[in-house]
Amino acid sequence: MSVSNPQSHKDVIAILDFGGQYTQLIARRVRECGVYCEIYPFDEPVENLEFRNPRGIILSGGPASVYQAGAPKVDSSIYRLGIPVLGICYGFQLMAHQLGGKVVAAEFREYGKVEAQITNNEGLFSGLKNPFVCWMSHGDVVEEAPEGFTITASTASTPVAAMENWSAGLYGVQFHPEVAHTPQGIRIIRNFLHKICGVRRTWNPHSFIESAVNEIRERVGTSRVICGLSGGVDSSCTAVLMHKAIGDQLTCIFVDHGLLRLGEADKVRQTFQKHFNISLIYVDAQERFLSRLKGVTDPETKRKIIGEEFVRVFEEQASRIKDAKFLAQGTLYPDVIESGTMKAATIKSHHNVGGLPKDMQLEVIEPLKWLFKDEVRAVAAELGLPEDIVWRQPFPGPGLAIRIVGEVTRERLERLRKADDIVVTEIKRAGWYRKLWMGFAILAPIRSVGVMGDQRTYEDTIVLRAVTSDDGMTADWARLPYSLLERISNRVINEVQGINRVVYDISSKPPATMEWE
């Protein structure tokens with residue numbers, strides 16, 4: 001996925017996105033097979049695809065019906081490029097529809113696990129056990145395959161669960177091979193990649209670094225770059241990658257916006273100076289950020305204010321550095337998706353994506369923009385970053401501002417910092433830190449009655465949020481031991497003044513998000 005120079009990856013797969021919930025998961029599975037891939041909108045011009053010269057094309061699933069008004073379609077000439085094409089779910093139905101097959105509304109819709117029968121295992125299903133379990137999620141079915149296609153799998157309700165035209169290099173499956181609920185799905189994807197498209201296992205952290213370094217050098221030239229450093233794995237990985245590419249042309253800037261966790265500013269500076277020989281400027285901007293946030297309660301407004309203020313600080317620092325033209329950021333793919341893309345709705349604006357001002361003076365460079373968190377950790381480890389940075393849990397750029405529901409004040413920040421430090425300390429002590437995607441405290445705008453020392457209290461509530469996840473796109477609440485929850489609750493209530501109640505958030509993502517704001 002993603003890079004400015006399409007010639008830097010010879011074995012690349014293009015994924016055309018129809019707005020399906022699993023599009024990014026397709027990309028992850030392709031990469032797990034050691035193959036580089038790029039995601040494009042479904043209406044990407046064919047000439048652009050030809051220029052990128054992919055070895056294969058995958059049409060993703062999507063929520064539409066091929067018969068509805070304005071249904072997304074690809075230029076049908078892609079089927080004649082001589083490049084293997086795999087359609088999945090909606091992509092499968094669209095292929096059938098555009099090539100003369102018959103797609104109809106299903107009499108019995110299929111959602112969930114279904115047993116499928118392989119009727120020909122020469123292509124996609126080579127080496128699979130028969131029958132196999134697959135994950136279906138569709139309301140339309142392909143009733144008749146187009147001319148030239150062989151039906152290679154079926155289910156009780158779906159006569160054409162898979163079809164293949166070997167001479168034309170066209171393949172389609174009604175089910176989702178990319179999800180874990182299709183146990184042999186990864187084998188189907190491997191068959192398409194390696195046996196049909198003939199791509200090699202060339203994508204790995206080392207090859208990504210090599211490619212990214214070349215692209216950074218080509219784009220930056222002799223200009224200077226400033227990099228926003230937070231101390232997390234994303235920004236640290238970006239900084240080290242940029243330094244590997246351009247050396248002393250890079251200056252890192254650590255902005256203390258007053259929204260960091262307990263002792264974090266000092267810890268970041270010490271860690272960075274100890275492990276890396278990179279120019280670092282520390283900016284104490286606590287007053288200006290807190291002043292801008294005064295009286296603000298809307299989450300999107302908070303994010304945009306913080307995003308804009310970050311850029312203004314960077315621009316001020318860049319004005320003192322001769323030839324500074326670029327701002328490097330540790331933006332990841334989940335940030336881009338949640339901030340809204342052409343095919344995806346805005347969930348929340350990440351400060352480094354949707355929160356960027358339109359009139360900013362610096363050109364943004366984001367070498368990790370199309371990577372998932374686990375991929376960034378692998379790249380960071382390859383670059384030699386210390387383990388405590390590689391495995392540091394994600395911390396949002398807007399910091400504690402979006403973990404305080406409502407207005408951000410010094411008093412509320414201090415309260416949350418102490419509670420959050422207890423949460424993290426106890427999670428680490430219990431051996432749960434590496435098991436969790438995130439574990440943190442939230443200060444809710446809820447006051448409740450309590451009794452402490454035989455006295456009535458009416459104080460704030462701390463919400464504990466702990467989730468497990470593979471990539472940050474989806475998550476489940478963590479089943480923490482009762483003993484750990486008890487220790488956290490007791491310590492927070494006893495040690496943090498102004499708190500008399502601790503509650504545990506047991507919401508998954510979706511429908512909830514990681515953060516509360």
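The legends below describe several close-up views of a predicted model. Residues are numbered from 1 along each chain as its sequence is written. Local features need pLDDT of at least 70 and side-chain atom pairs count only at pLDDT 80 or more, while totals for chains, interfaces and linings use all residues; side-chain values use heavy atoms, without hydrogens and water.

**View A. A salt bridge joins Arg28 and Asp374.** A salt bridge is a side-chain nitrogen of Lys or Arg within 4 Å of a carboxyl oxygen of Asp or Glu, and the structure holds 32 of them. In the pair shown, the N to O distance is 2.9 Å. Arg28 belongs to helix 1 (residues 23–32) and Asp374 to helix 11 (residues 373–382), so the contact ties together parts that are 346 residues apart in sequence. Helices (H or I, at least four residues) and strands (E, at least two) are DSSP runs, numbered from the N terminus. Arg28 is buried at 7% relative accessibility, whereas Asp374 is partly exposed at 32%. Here buried means under 20% relative accessible area, exposed over 50%, and partly exposed in between (1.4 Å probe, protein chains only).

**View B. Arg447 pairs with Asp460 in a salt bridge.** The closest N and O atoms are 3.9 Å apart. Arg447 is in strand 15 (residues 438–452) and Asp460 in strand 16 (residues 455–468), 13 residues apart. Arg447 is partly exposed, with a relative accessible area of 48%, while Asp460 is buried at 10%.

**View C. Arg465 and Asp505 meet in a salt bridge.** The N to O distance is 3.5 Å. Arg465 lies in strand 16 and Asp505 in the segment after strand 18 (499–504), so the pair ties together parts that are 40 residues apart in sequence. Arg465 is buried, with a relative accessible area of 0%, and Asp505 is buried as well, at 9%.

View E. Cys37 is in no disulfide, as the nearest cysteine sulfur, that of Cys33, is 9.9 Å away. Cys37 is buried at 0% relative accessibility. The sulfur of Cys227 is 4.5 Å from the closest cysteine sulfur, in Cys252, which is too far for a bond. Cys227 is likewise buried, at 0% relative accessibility.

Note on methods: Disulfide = S-S within 2.5 Å.
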